[in-house]
Amino acid sequence: MGNSSSVRLGTTSGAISWNRRELLRSAAGLAMSGALYSFAPLSAAALPRNRKTVVVTFGGGARDEETFAPEGQENIPGLLNVLIPQSTFYTQIVNRGILGHYVATASLATGVYETFDNFASVPPHDPTVFEYFRRGLSRPATDAWVVAPSNGFNRIGESDHRGYGEGLGAGVILPKHLLRAAMPAAAGDDYGHLLRDNYEDPFYTPELAGNEVQLRQLNEILRISVDDFRMHALTLSSPDELSVYIARQLMQQLAPSLLWITLHDIDIAHSGAYSLYVEGIRRTDRLCVDLWNSIQSQPEYKDNTTMFILPDFGRDSDNDAGGNGFQHHRTGDALSRTTWLMALGPGVRQGIAVERPVESLDLVPTLGALQGFSTPLAQGKPLREVI
Amino acid sequence: MLPAHVSADSFGAYPPLGRALALENLGVIQQVPAPFAALLMSQVIIYDWLFPAEQKTVDDQFSYLRSLATSQRAQMLSGFGLPGIDHDLKDRDWVQGPREFVEAFTAALWSSHQIDAFRAAANAYSDAWRKAYPEPEPPTPRLTIIVLGEGLRADQYDLFRKLRPHGVFITEVQRTDAWPAILETASKRAAKTPLPYGHWYIDGGAPPLPVDLQLNQVTWAELSGTRAAVLRRMQAVIHSGHGGPEELRTVMAETTTKDVGGGGMSGDETLRRFKLSVLTEGSGTQIFSTTFVQWTAREALRRAQPVTLVLHFQPRQRQLPMNELLAGTGDRNAVDPEGSLIDADMGTYYTWINQSRLTGAPQATVVAWSETHGQAMVAGPNAPRGVTATNPMTMRQILTQFV
């Protein structure tokens, strides 16, 4: 039964991959990777090992209908016209784990399908890529950072694994928490729903103690005064814009070698409002281009940075009676488990689409291979086309 | 709890019809895997308030299970007794708390990576019993009429883009007399084919005209007090400082119509429970009226399988951007005409899909009309596919010609 299920998933995923490939061929003029496998890795030549990596994940995938399909392409002009032509694009990333955003993002960060309660405030149980990175390259705490959308992600920077764990992880910045600390208490009711933790369960917001810690992050790490932060927040339209602003500040102040940003606006799809979901896709598309442009504009990062962009997983298809289309990712159908990944930067081939199915667990070993640290407990395999 | 250990006394707290059903099928219940039994009991425990179509589904499943030899039944349901999971859940009381058991079981399926195997087992079982007990055809072809109401508008937006290949797109609909034509059509169908819970009216605000009492009504306006009460209960869990989504889900599942002042809701207990479930089980239904209409229609089609459905989308509240929220300058009463139109357009498409999942789909029709844009879409056996009609039409003409 398990085998037949896998076959079915694989077959449908293959169809998804094929569709995405054909759509990309028409939309972005990508070359397909049939001949790619005969090439030696381009980056093996003479690229420095001290390169930087920026990982952007979406909490809340976007389906092909709203992105790469003909009717969806109007929503992703930045991905299609700016980023994909510069990238190696994997058309078929399969996530076989739990389809909840925190646990899935933790799985992306450990290279192991984590199995804890998605809504529990617990650390990953397997070592994170940040721990591998810092131990393997003897890097200080200031060199690995996570910018995450919600309080539920506050433990993602560091596992509770006995062999790694405490003191080896990444710093985690929660922009919404900064916002709560910086804004006048009286304003709380006015923007209460903005601070809500997630859209999967929109009424759940675990409290984190310590506003003073957050304010110290603003002052000492990001070098922003509370007033400046507050004023800037007033110019932004969404939490993801705030996350990108924080990421830029991190890049300017600390220039971390490993920066992980999780965006979340798309996940407003859980409210059932299709227009807001599409709006989230368009904003995410724009923010990805903004981030890439920021990388190219900063000397510390320019020509020295590989950026990976991937949704954590997909969303339910319209045709699965167990779901409600775009709104959720509860059915575990092939569409909700299959997504894509793009990699771009020096040494990464441009305008290439890779058709073979890979797993979301492959990200961590790929990051390790790129930056030169080992990831012994991660279960995936390095993506050979980009290392 | 092992199924073999349950007895007639185990169902003493069940409502009368559910208890009688359980006792009639006690022998079967004792022989099925616990997760399967819990799934069945999650329906039996609320059997008294299920819609007739749902009750028939439960009855048919028991009939099918009784018809199998013990060995056949064990083989058919072997995929429901998954290794490792039964053991972890063995102490849970799936008789008194089947819903909680199913939630815990589902979480265990995901965390043990057995969800795909379970889906395959569930699909195989569903295919088998549906083959033995096919769903009945509707007594009259199904009809859904969807109105994208006044105030839903967007410039340069292609309405019904996803539905156009499946029917005729009418570019000029005269709005005079349209609403009376729609409501009269629904009334006549209810009178001609009287069915319990067979004819529905769902509105994202208040109806523009009085609606025939033969139609089961679910409206955003009627449920405003209930929505507020549900939100208050949610906030109470959040501000309690403990618990999380699990506790919230449990509180919502245990919420009764009385807990939220259900006396103000119209309809019998079955309908009032349905209305409450839209708010306690739906995501976004408490906040956006467009989501409320789409989800209510989805649930009505899935559960009650009506033959007549009238939907009226009205403008939903605007989602305030972050800067307006922070500055406190946003108008909480403002609506979002363009977003509402896009939501309703997708809601129309999903309603067509959901109606197409029911029996009699080849004979079923969906009529959708935008009041503001004066455009309509008809998908059904009498409507040509992929055709655009540019001649002006009234709603009565549309309903006469295509339904």
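# Reading a two-chain model

Me: Among contacts in chain A between residues at least 6 apart in sequence, what percentage join residues at least 24 apart?

Reply: The share is 74%. Keep in mind as we go on that this is a predicted model.

Me: How many helices and strands does chain A have, then?

Reply: Chain A holds ten strands along with eleven helices. Its 387 residues include 57% that count as buried.

Me: What is the mean pLDDT of chain A?

Reply: The mean is 83, with 79% of the residues at 70 or more. Two stretches call for care. In residues 34–47 of chain A the pLDDT falls below 50, and the model gives this stretch eleven contacts beyond near neighbours in sequence. Residues 202–206 of chain A are also below 50, with 19 contacts of that kind.

Me: Let's go inside. Which residues touch the most other members of the largest nonpolar core?

Reply: They are A:Val56 and A:Tyr277, in a core of 208 residues. The element that gives the most to this core is helix α9 of chain A (residues 274–297), with ten residues. If you set aside neighbours within four places in sequence, A:Tyr277 is in contact with A:Ile266, A:Ile268, A:Ala269 and A:Phe326.

Me: How do the two chains meet, and how many residues of each are in contact?

Reply: As a general idea, the size of an interface is often given as the accessible area lost when the parts come together. Here we can count residues instead: 40 of chain B are in contact with 40 of chain A. On the chain B side, the elements giving two or more residues are α7 (98–111), α8 (115–132), α10 (224–239), α11 (245–254), α13 (289–304), α14 (322–327) and α15 (337–356). By class, that side has 21 nonpolar, 13 polar and six charged residues.

Me: Now chain B itself. What is the order of strands in its open sheet?

Reply: The eight strands run β5-β4-β6-β1-β7-β8-β2-β9, with mixed pairing. At the edges are β5 (216–219) and β9 of chain B, each of which pairs on one side only. From one strand to the next, the twist averages 15 degrees. To see one pairing up close, find β2(B) and β9(B), which are parallel over three bridges. There, B:Phe169 has B:Thr388 in β9(B) as its bridge partner.

Me: Which helices lie across strands of that chain?

Reply: Two to look for are α13(B) and α16(B). Helix α13(B) lies across β4 (199–203), β5 and β6 (308–313) of chain B, at about 170 degrees to β6(B). Helix α16(B) lies across β2, β7 (365–370) and β8 of chain B, at about 165 degrees to β7(B).

Me: And how should I read two helices packed together?

Reply: Two packed helices are described by the angle between their axes and the distance between the axes. In chain B, take α9 (residues 178–192) and α16 (residues 395–402): the angle is about 35 degrees and the axes are 8 Å apart. From α9(B), B:Ala178, B:Ala181, B:Ile182 and B:Thr185 meet B:Met395, B:Arg396 and B:Leu399 of α16(B). That contact is made up of five nonpolar residues, one polar and one charged. The spacing makes sense, because an α-helix has 3.6 residues a turn, so residues three or four places apart point the same way.

Me: How many residues of helix α3 of chain B are buried?

Reply: Nine of the eleven residues in α3 (residues 34–44) are, which leaves the helix mostly covered. Among them are B:Phe36, B:Leu39, B:Leu40 and B:Val44.

Me: Where is B:Phe160, and is it buried or exposed?

Reply: B:Phe160 sits in the loop between β1 (143–148) and β2 (168–170) of chain B. It counts as buried because 25 other C-beta atoms lie within 10 Å. Its phi is positive, about 55 degrees, although B:Phe160 is not a glycine.

Me: And A:Arg223, buried or exposed?

Reply: A:Arg223 is exposed, because it has 12 other C-beta atoms within 10 Å. This residue also has a positive phi, near 55 degrees, without being a glycine. You will find A:Arg223 in the loop between α6 (211–221) and α7 (226–233) of chain A.

Conventions:
Residues numbered from 1 in each chain as written. Chains lettered and ligands numbered in written order. Predicted model: local features only at pLDDT ≥ 70, side-chain atom pairs only at ≥ 80, totals over all residues. pLDDT = per-residue confidence, 0-100. Contact = placed C-beta atoms within 7 Å. Axes fitted to C-alpha atoms, helices over the stretch in contact; angles between N-to-C directions. Helix = DSSP H or I, 4+ residues; strand = E, 2+ residues; numbered from the N terminus. Nonpolar A, V, L, I, M, F, W, Y, C, P; charged D, E, K, R; others polar. Core = buried A, V, L, I, M, F, W, Y, C linked by C-beta atoms within 7 Å. Buried ≥ 20, exposed ≤ 12 C-beta atoms within 10 Å, placed from the backbone. Pairing = 2+ DSSP bridges.
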